[in-house]
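Thank you all for coming. I would like to take a few minutes to walk through one structure, starting with charged pairs and ending with a sheet.

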Protein chains: 2
Amino acid sequence: MNPHAGSPGPTQPAGAGRAEANPARVTRADVAALAGVSTAVVSYTLNDGPKNVAPATRARVLEAVRTLGYRPNATARALRLGSTGQVGLVVATVGNPYFGELTDQVEHAAGARGLALLVRTGGDVAEAIERLAARQVDGMLIARPMDARGAAAANASGVPVVLINAATAPEGVASVGVDRYGGARVAVTHLIEHGHERVAFIGDTAGNRQRGWADALAAAGLAEGPLASQSYSREGGYRAARQLLTEPERPTAVFVASDEQAVGALLAFHEAGVAVPEEIAMVAFDGSAASAYTWPPLSAVTQPMEQMVQRALDLLTSAAPEQPVPVELLVPDLVRRRSCGC
Amino acid sequence: MNPHAGSPGPTQPAGAGRAEANPARVTRADVAALAGVSTAVVSYTLNDGPKNVAPATRARVLEAVRTLGYRPNATARALRLGSTGQVGLVVATVGNPYFGELTDQVEHAAGARGLALLVRTGGDVAEAIERLAARQVDGMLIARPMDARGAAAANASGVPVVLINAATAPEGVASVGVDRYGGARVAVTHLIEHGHERVAFIGDTAGNRQRGWADALAAAGLAEGPLASQSYSREGGYRAARQLLTEPERPTAVFVASDEQAVGALLAFHEAGVAVPEEIAMVAFDGSAASAYTWPPLSAVTQPMEQMVQRALDLLTSAAPEQPVPVELLVPDLVRRRSCGC
DNA sequence: CTGAAAGCGCTTACAG
DNA sequence: CTGAAAGCGCTTACAG
């Protein structure tokens, strides 16, 4: 049994039983005792350093670990090392498939680096950052729009923070994102190449996608089509599409700022009996898995999500924080499916 | 500065600077020194116990906390308390909207109880459980099918485990789920009430939903329609629907075992020019947010997800593990939208 | 190659 | 009402 069973901690559960029954209660002292070595040697063995261990000793330690079912206590290790091996992810919701996919990618990439993922959804960004910092995460990824309070919380947290796919990065916060302007231009230019002259936009005003849309039209000598600005959700896309259908001169194509809005827009068009792409062609921005299973399948400017996540983790775990704070933009690809008329 | 700046840990960063700059390096000893009290009193103040603190003293401590920007170290607290205040969630993918929603709910409910959420996606269940246990989580929720190795890992982990929405619970593992049999019966009965006599099933063989489907048909004196078994994904639903369309006597209705499969099936029907619900009516199982934005909107047997999550956390955090291990079933509701013909 | 010991930042039983 | 001190389970500089 654990020789340290002392005063603190919850009282020992009544029933006896083999120590093996609960690996959480076996400590390195138990292992050391069974192997007939010091606790230091147990550490050296398990961590492959910083000292060498004689092969025979090592074998005895490993044997003791096995028979006791010993599992190192990550909390104690974290306290001693000053590093938890945990990273935080702040996201509005993972119910949205785009963020769900992003979360999967982050978990996978973090896991490959030996890091565990603490997820915070909903609520206030600043509060999420503070809570995560209080948990001693080694760094955090923020996949949400950041207000001034969020930025202040990030800077005050003393924890490395990287914004992921943000529209704008507040002063002093590192960021890796997508070239929305360039992606939008590619999408709209593609629609123009299909022969469209009245190309609408569903998305928010004054963003980079809106600028890309406008500039692509201008470059082709076309007038700006109507713009419908609603929330970034299916519901918002639905409402925006209905709004577009009331236009006196109905657009023949739409560039939609997100997959989710596109799904909502598709519903509105279906309901109204407007065929996609025959009567209205469509290209979306994002390209999450959702976009391949709509009807018709969505053509989309697809974010290089994996690359984005890897870069973000690189920035987070890079030893020396770079100066000036890096703001990186990756270039998205156009995936042609059916909604554009291809 | 921190009076404990000793040998271990990463070397102190070169540049000097105010202690306030990095709250992570301020310890309770700094606070105690500034407030002119012992570290115990800082704890009593911050934790509201276990001892009372004189109002004036308390004010001084709080003031010191504020000026130093002190934030308690959760890792140290966890080590001392033997409890991290973290729960784990094991899920195959959060990219799937159903699991994304579930994850949102779990995070929200856990947060309300002061627990942080560690998420593991993908890979092997048993490994996910071991990794989470190694992180000293206070408990974990598993939202994945569990094989024997997973069950063994769960039992060996020494950590409370609750299966959430599992088809079957292995021996000795607590579980809270949905009455799939009952839900399926409700769905199929509804389709029968719409006048359908040839009702197909997309889902897996020998599950409770399949049994509910078969029994509902039998109860109405109808023969079993065709069954198409494919994976639980959009792709699987797509393939299953295409399979159904090759039937000599095409069914006039389908009960689909999951939203995701239903989305894929919808795509297959659209491609084939088969109108839903006119030519094939459809009711799905799950009722995640995804189902409201398909075309036509999906009628679905909807899981009481929030209730499920709350119960699961209750079981996880209940002081005394109950014997026998609880296996709870909640009853789902039928949400009528358009795909059923309503 | 191995071990004794200090210390990471907390909490709390014990004593005043 | 307040404080000195032990101890949670690790890691590692230091000494042998």
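Let me begin with a question: which residue forms a salt bridge with B:E260? Please keep in mind throughout that this is a predicted model. The partner is B:R234, and the closest N and O atoms of the two are 2.8 Å apart. B:E260 belongs to helix α11 (residues 259-271) of chain B and B:R234 to helix α10 (residues 234-245) of chain B, so the pair ties together parts that are 26 residues apart in sequence.

B:R250 is partly exposed at 33% relative accessibility, and B:E279 is partly exposed at 37%.

Turning to chain A, the side chains of A:E249 and A:R198 meet in a salt bridge, with an N to O distance of 4.0 Å. A:E249 is placed in the loop between α10 and β8 (253-256) of chain A, while A:R198 is placed in the loop between α8 (180-193) and β6 (199-202) of chain A, so the two tie together parts that are 51 residues apart in sequence. With 55% relative accessibility A:E249 counts as exposed, whereas A:R198, with 31%, counts as partly exposed. Over all chains, the structure holds 26 salt bridges. The general idea behind such pairs is that side chains of opposite charge can pair when their charged atoms come close.

Now to the place where the chains meet. How many residues does each chain bring to the contact? Chain A contributes 55 residues and chain B contributes 55 residues. Between them the two chains bury about 4,600 Å², and 53% of that area is on carbon and sulfur atoms. Across this interface 2 salt bridges are found, and one of them joins B:E107 to A:R120, whose closest N and O atoms are 3.9 Å apart. There are also 23 residue pairs in polar contact across the interface, counting pairs in which both residues are at pLDDT 80 or more.

On the side of chain A that touches chain B, several elements supply at least two residues each, among them α5 (97-112), β2 (116-121) and α6 (125-134) of chain A. The element that gives the most to that side is α4(A), with 7 residues. By class, the side of chain A that touches chain B has 25 nonpolar, 19 polar and 11 charged residues.

At the start of α4(A), a side-chain oxygen of A:N73 reaches to within 2.8 Å of the backbone nitrogen of A:T75, and just after α4(A), A:G82 takes a positive phi of about 70°. In helix α7 of chain A we find A:S157, which counts as buried at 3% relative accessibility and whose side chain reaches the backbone oxygen of A:A154 at 2.7 Å.

Finally, the sheet. In chain A, 6 strands form an open sheet in the order β7-β6-β8-β9-β10-β12, and the pairing is mixed. Its edge strands are β7 (227-228) and β12 (333-335) of chain A, each of which pairs on one side only. Within the sheet, 4 bridges join β8(A) to strand β9 (residues 281-286) of chain A, and these strands run parallel. There, A:F255 stands opposite A:V283 in β9(A).

Notes
Residues numbered from 1 in each chain as written. Chains lettered and ligands numbered in written order. Heavy atoms only, no water. Contact = heavy atoms within 4.5 Å. Buried area = accessible area lost by both parts, 1.4 Å probe. Polar contact = N/O pair within 3.5 Å; in protein donor to acceptor, adjacent residues only side chain to side chain. Nonpolar A, V, L, I, M, F, W, Y, C, P; charged D, E, K, R; others polar. Buried < 20%, exposed > 50% of the residue type's maximum accessible area, 1.4 Å probe, protein only. Pairing = 2+ DSSP bridges.
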